[in-house]
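Let's take a friendly look at how this chain is divided and how its parts meet. After that, we can turn to one pair of packed helices.

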Amino acid sequence: MNVDEKAFEKGGGNMSDAMLDVVIIGGGPGGLSAALVLGRARRTVALVDEGHPRNAITKRSHGFLTRDGAKPFELRQIAREQMEKYPTVRLHEDEAIDIVQEQNRFITKTSKGQILTSRKLIIATGLQEELPDIKGLSDVYGKSFFSCPYCDAWEFQDQPLVIIGNGRKLLAYARIIHNWSSDLVVCTNGAATISTEEKNELRRHSIPLVETPIRELIAHEGQLQKIVFQTEQLLERKAGFLLDTGAKQSTFLPEKLGIPLTEKGSFATQNHGKTEVDGVYVIGDAAKRFTGLMGAASEGYEAGIALNHELVEEDWHSSE
Ligand SMILES: Cc1cc2nc3c(=O)[nH]c(=O)nc-3n(C[C@H](O)[C@H](O)[C@H](O)COP(=O)(O)OP(=O)(O)OC[C@H]3O[C@@H](n4cnc5c(N)ncnc54)[C@H](O)[C@@H]3O)c2cc1C
């Protein structure tokens, strides 16, 4: 099916009854970018988004070309406004609660009772953090405590910083954060599980390692001030980085369709986000754990084009 405005009007204007080309679940940069390219390819698209972006907690987003420093919802708002130009794309502020595959079509059910039937499916539902249980952490996360240095470290360069983390990836993370500030302390919040060699490397770079468990983080209006350890010792710091934010998939609907989770907790994909279920693509953080805004948008663009090619091929051969 190519551009078919009538498809939307079938059933007295209720798009639920129409066979759509693509349903996109998730309206972050990944899903929005896919919707844009598919709209421009004259595809009928329903984009279902419940509106809880992963980075909603931050004040500003960084590193998105032409939009460095934009507020998280500002990016989405601009994308949504520009989408209005494409009449075959419809946005639904709704949550997808079930997907069923029937032969060569997908039926998506939403919490508002919509039933959307489509030939193809893009899942761009992202991740949500499940922060470690450290008192005060949720007050500072996204304001003066972060996980991605490329998103937020520039604002705190040369400031007294702390890393909370432990294990295999700790040293590599410390090396990266050290690039923004050499006034750095690593807290493992319990016995360090790194090797003696790794501890020596931190020492050689004058990065203190504190293994004492943390009692709480003290902040004022989201601005980290100090870390209080269980021994009552205090460590004054301006900002911090968290190695593992405990991010989990926002939805397990892809698993229901038969798309497995990898060991890293991402949905397994191949080129352009294609999955082992024909006609279903997974993009953005749901597939990579951290794509960043620009990476997710880029994956949406690629998946949109790949899916359009699939639809073109199917229609071309079925009309022979
Ligand atoms: C604190 C923090 C700060 C960050 N800062 C930056 C930054 O400065 N620059 C940068 O490049 N990256 C930043 N990121 C990373 C960035 O937010 C993600 O990489 C990016 O948002 C991934 O895009 P996405 O489209 O895959 O998912 P998301 O942007 O998370 O969008 C997914 C959408 O799907 C919706 N959804 C989920 N399940 C359903 C469902 N069942 N039905 C309907 N809708 C659903 C969600 O509500 C959400 O709106 C930050 C992340 C965090 C945690």
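The chain of this predicted model is divided into two parts by a domain assignment: domain 1 covers 5–128 + 247–318, and domain 2 covers 137–242. Some values for the pair are gathered here.

| Domain 1 and domain 2 | Value |
|---|---|
| Distance between C-alpha centres | 36 Å |
| Area buried between the domains | about 610 Å² |
| Share of that area from carbon and sulfur atoms | 59% |

How many residues are in contact between the two domains? Six residues of domain 1 touch six residues of domain 2. The area that domain 1 buries against domain 2 comes to 71% from Ile57, His62 and Phe290, more than any other three residues supply.

Now for the helices. Two packed helices are described by the angle between their axes and the distance between those axes. Here, helix H2 (residues 29–40) packs with helix H3 (residues 72–83) at an angle of about 20°, and their axes are 10 Å apart. Angles under 35 degrees count as roughly parallel, so H2 is roughly parallel to H3. The crossing in which H2 passes H3 is left-handed.

Which residues make this contact? On the H2 side they are Leu32, Ala35 and Leu36, while H3 brings Arg76, Ala79, Arg80 and Met83. By class, the contact of H2 with H3 holds five nonpolar residues and two charged ones, with no polar residues.

Definitions and conventions
Residues are numbered from 1 along each chain as its sequence is written. This is a predicted model: local features need pLDDT of at least 70, side-chain atom pairs count only at pLDDT 80 or more; totals for chains, interfaces and linings use all residues. Side-chain values use heavy atoms; hydrogens and water are left out. Axes are lines fitted to C-alpha atoms, for helices over the stretch in contact, and angles run from 0 to 180 degrees between N-to-C directions. Helices (H or I, at least four residues) and strands (E, at least two) are DSSP runs, numbered from the N terminus. Angles under 35 degrees count as roughly parallel, over 145 as roughly antiparallel, 65 to 115 as roughly perpendicular and the rest as oblique. A crossing is left-handed if the near helix is turned anticlockwise from the far one by less than a right angle, and right-handed if clockwise. Contact means heavy atoms within 4.5 Å. Ala, Val, Leu, Ile, Met, Phe, Trp, Tyr, Cys and Pro count as nonpolar, Asp, Glu, Lys and Arg as charged, and the others, Gly among them, as polar. Domain bounds come from an automatic or database domain assignment. Buried area is the accessible area (1.4 Å probe) that two parts lose on being put together, summed over both.
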